Amino acid sequence: MATSTTAKLQNMRDKLSVKPHREILQSYLHQNKDLLLREAVLVTLYRKWSARPLYGLVEIGIATYDRLRVNCGAPCPPGPHAEDLLRQIWSIHLRIRSHAHLPVADASSDAFHFGTSVFVSHEEAQDLLHQVFHQLIDETRPDQGYRPIICLTFGNNDGLAKVRHADFNFMPMNINTTIAVLDAQNIAIQARITSKVDAPIEYILPIFMIKPLHVGNAGNAATYITIIAFLSILRDQIYGAETNPRAKPGQKGISASKPADSVMQWLMERPTPAPPFGVTTYCCRCSSLVHMAEECPNTDLVCSKCMDSMANWRQENATTHRDGMCVFR
Ligand SMILES: [Zn+2]
Ligand SMILES: [Zn+2]
């Protein structure tokens with residue numbers, strides 16, 4: 001990357017580091033003064049690990065939003081429940097092939113509603129994240145450097161990532177294009193949507209009259225986190241009215257024309273581009289690429305290592321994968 005661009009991004013990162021998260025996202029969505037901020041891409045990241053040691057990374061949800069694609073970057077009315085901005089969110093759901101058979105806290109890996117789920121290797125996941133965090137300002141002129149990235153996370157999900165980074169070495173703040181890492185849980189508090197510290201996604205969405213579906217799926221989580229951040233930031237514009245001076249969320253103001261759930265339904269039904277690689281069909285029991293685990297004809301497969309393990313949960317999980325696919329040594 002050109003040194004001048006690196007310096008510019010570092011400068012921007014220093015400037016933003018002292019600002020409240022809400023203000024940074026508000027400037028990104030709205031203001032027109034700072035050209036570098038306008039060029040930024042918002043990337044929401046949510047990771048999910050297996051429920052038991054070795055806490056393997058099982059899923060990654062990624063949602064991206066590119067302000068320049070909305071009205072050429074000029075601020076525009078967000079529409080009811082911000083639908084005109086939310087329609088630009090691109091969500092993908094990665095499932096790590098080698099860890100897909102590990103038990104998770106809730107079984108929602110198959111229930112991604114906002115795009116395409118793909119099974120990938122660790123390397124492919126790393127590669128995709130690298131691409132997402134390195135987007136050229138001008139495809140025809142690589143010397144111009146990369147676009148700034150604003151990374152959005154939720155609560156302690158990023159903190160867990162730090163603890164468990166040995167399994168998957170990706171830290172958004174260590175990428176030199178990242179100008180800020182924002183926390184949507186914090187943004188909801190700063191926007192006075194809730195005063196509850198550590199409010200989970202399932203608690204915050206109903207405040208906006210949105211019924212959450214399969215939040216345990218990392219892809220859905222990444223999308224919902226982006227939605228929470230946008231609706232919090234835009235509350236005055238999308239809910240404010242003479243009869244609703246405090247901009248209480250709901251079917252009010254410019255959002256009076258339709259229920260929030262109808263916008264969610266539309267977001268789930270619209271076609272979205274699939275991720276550039278990975279496979280959509282994969283069996284974590286026998287590693288076939290032509291059927292899914294629930295259609296696996298090899299019902300007698302058992303991992304002998306897990307079967308012989310002292311841990312109950314491993315014995316119970318032994319039929320989910322064959323010998324040779326076990327992540328335990
Ligand atoms: Zn199979
Ligand atoms: Zn095993």
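Q: Which residues is Ile 225 in contact with, leaving aside neighbours within four places in sequence?
A: Thr 44, Tyr 46, Leu 152, Phe 154, Ala 184 and Ile 201. Contact means that C-beta atoms, placed from the backbone, lie within 7 Å.

Q: What am I looking at, and how is it numbered?
A: This is a predicted model: local features need pLDDT of at least 70, side-chain atom pairs count only at pLDDT 80 or more, and totals for chains, interfaces and linings use all residues. Residues are numbered from 1 along each chain as its sequence is written, with chains lettered from A and ligands numbered from 1 in the order written.

Q: How many residues does the largest nonpolar core have?
A: 79. Ile 150, Ile 225 and Ile 228 have the most contacts inside it. Helix H9 (residues 218–233) gives the largest share of this core, 11 residues. A nonpolar core is a set of buried Ala, Val, Leu, Ile, Met, Phe, Trp, Tyr and Cys residues joined through C-beta atoms within 7 Å. Buried means 20 or more other C-beta atoms within 10 Å; exposed, 12 or fewer; partly exposed, in between. Helices (H or I, at least four residues) and strands (E, at least two) are DSSP runs, numbered from the N terminus.

Q: Backbone now. Where is there a cis peptide bond?
A: Between Pro 53 and Leu 54, with omega about 10°. Leu 54 sits in the loop between strands S1 (41–49) and S2 (57–66).

Q: What is the phi of Met 209?
A: Positive, about 65°, although Met 209 is not a glycine. His 214, also not a glycine, has about 45°.

Q: Where is His 214?
A: In the loop between H8 and H9.

How values were computed: Contact = placed C-beta atoms within 7 Å.
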